[in-house]
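Thank you for asking me to look over this model before you build on it. My remarks are set out as numbered points, with the criteria stated where each is needed.

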Amino acid sequence: MAGTALAYCPGPVAIVEDLALNAVVVPQVERLYRKLGCELTTAPYPGRRGVVAFNAHDVSGELFRLRLVEDSYETGFVRSAQPVLQAREAIWIQGSGTLSATSKIGYVIGRWWQEEYAQANADQFNFVKYSSSADLWMDYERHLLDGFLASDILVETELGKGDISEKPAMARLIRTSELYHYLGTEFSAFMADFSELLRQQSRAQ
């Protein structure tokens with residue numbers, strides 16, 4: 001079991017494996033956990049499997065998700081009072097390129113907002129599915145893609161890692177998304193304290 005009703009500190013929390021945003025969020029959340037006397041343990045899962053693991057009580061919650069995930073939770077949950085991360089989600093293209101109906105736009109399956117956007121706009125662009133971000137970056141660098149769906153934080157992370165050699169241009173801002181930490185209701189006391197630390201951190205910035 002991920003935890004008991006008497007536990008203050010959460011057990012393992014799910015993350016989406018091989019997601020570049022983990023490198024940004026995990027250290028931030030680790031620091032807050034330590035301030036509360038707890039150690040953050042992450043359990044990587046592909047795509048949406050973290051939701052399944054949470055519903056099955058195999059993990060204590062999920063490190064960060066969009067609020068639209070809540071309809072998929074079949075167990076009681078608490079959400080952080082503030083997002084642990086805000087990100088601008090957009091279509092990014094080669095700096096000299098333009099968007100058109102023939103543009104090949106890559107996205108990674110298992111990323112909810114990307115799947116939904118690609119499905120809703122299939123008549124506007126030629127969307128290309130990828131099972132891993134590594135393959136997407138490779139094809140983008142080889143100019144087999146005109147662009148891709150991603151957040152601004154992900155773009156900066158991949159630039160820093162060298163997976164993208166040149167900074168792409170934001171061709172279309174889709175939305176600014178807020179990512180929240182989720183835990184089972186048995187960790188309500190911890191989440192209340194965690195949320196207070198988030199508020200303090202936000203005021204200090």
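The points below go through the basis of the model, its secondary structure, a disulfide and several individual residues.

1. Basis of the values. This is a predicted model, in which local features need pLDDT of at least 70 and side-chain atom pairs count only at pLDDT 80 or more, whereas totals for chains, interfaces and linings use all residues. Residues are numbered from 1 along each chain as its sequence is written, and side-chain values use heavy atoms, with hydrogens and water left out.

2. The disulfide. With a disulfide taken as a pair of cysteine sulfur atoms within 2.5 Å, the count comes to 1 disulfide. The two partners are Cys9 and Cys38, whose sulfur atoms are 1.9 Å apart, and the angle of -75° about the S-S bond makes this link left-handed. Cys9 lies in the segment before β1 (13–16) and Cys38 in the loop between α1 (22–35) and β2 (42–45), so the pair ties together parts that are 29 residues apart in sequence. Helices (H or I, at least four residues) and strands (E, at least two) are here DSSP runs, numbered from the N terminus. For accessibility, buried means under 20% relative accessible area, exposed over 50%, and partly exposed in between, with a 1.4 Å probe and protein chains only. Cys38 is buried because its relative accessibility is 2%, while Cys9, at 31%, counts as partly exposed.

3. Helix α1. This helix has 14 residues and reaches 20 Å from its first C-alpha to its last, close to the 20 Å expected at 1.5 Å a residue, where the expected span is 1.5 Å times one less than the number of residues. Its buried residues are Asn22, Val25, Val26, Gln28, Val29, Leu32 and Tyr33. After the helix comes Gly37, which has a positive phi near 80°.

4. Strands β6 (residues 104–108) and β7 (residues 126–130) run parallel and are joined by 5 bridges, two strands being paired if DSSP finds at least two bridges between them. Between them the chain passes through helix α3 (residues 112–120), and the resulting β-α-β crossover is right-handed; that is, with the strands pointing away from the viewer, the path from the first strand over the helix to the second runs clockwise. Within this pairing, Tyr107 has Lys129 in β7 as its bridge partner.

5. Arg111. This residue is found in the loop between β6 and α3, and it counts as buried because its relative accessibility is 14%. Not counting residues up to four places away in sequence, Arg111 touches Val16, Glu17, Asp18 and Leu19, contact meaning heavy atoms within 4.5 Å.

6. Leu179. Strand β9 (residues 169–184) holds Leu179, which is buried at 8% relative accessibility. Leaving aside neighbours within four places in sequence, its contacts include Leu21, Phe64, Leu66 and Pro83. The C-alpha atoms of Leu179 and Gln86 are separated by 6.2 Å, although the two residues are 93 residues apart along the chain.

7. Ser151. Located in strand β8 (residues 147–151), Ser151 is buried at 6% relative accessibility. A polar atom of its side chain lies 3.1 Å from the backbone nitrogen of Leu154. Beyond its neighbours within four places in sequence, Ser151 is in contact with residues including Leu21, Trp92 and Trp113.

8. Ser132. The loop between β7 and α4 (133–141) contains Ser132, which is partly exposed with a relative accessible area of 24%. Its side chain makes a polar contact with the side chain of Asp135 at 3.2 Å. The criterion is a pair of N or O atoms within 3.5 Å; within protein, one must be able to donate a hydrogen and the other to accept it, and residues adjacent in sequence count only if both atoms are side-chain atoms.

9. Positive phi values. Most residues other than glycine have a negative phi. His57, in the loop between α2 (49–55) and β3 (61–65), has a positive phi near 65° and counts as partly exposed at 33% relative accessibility. His143, in the loop between α4 and β8, has a positive phi of about 60° although it is not a glycine, and at 57% relative accessibility His143 counts as exposed.
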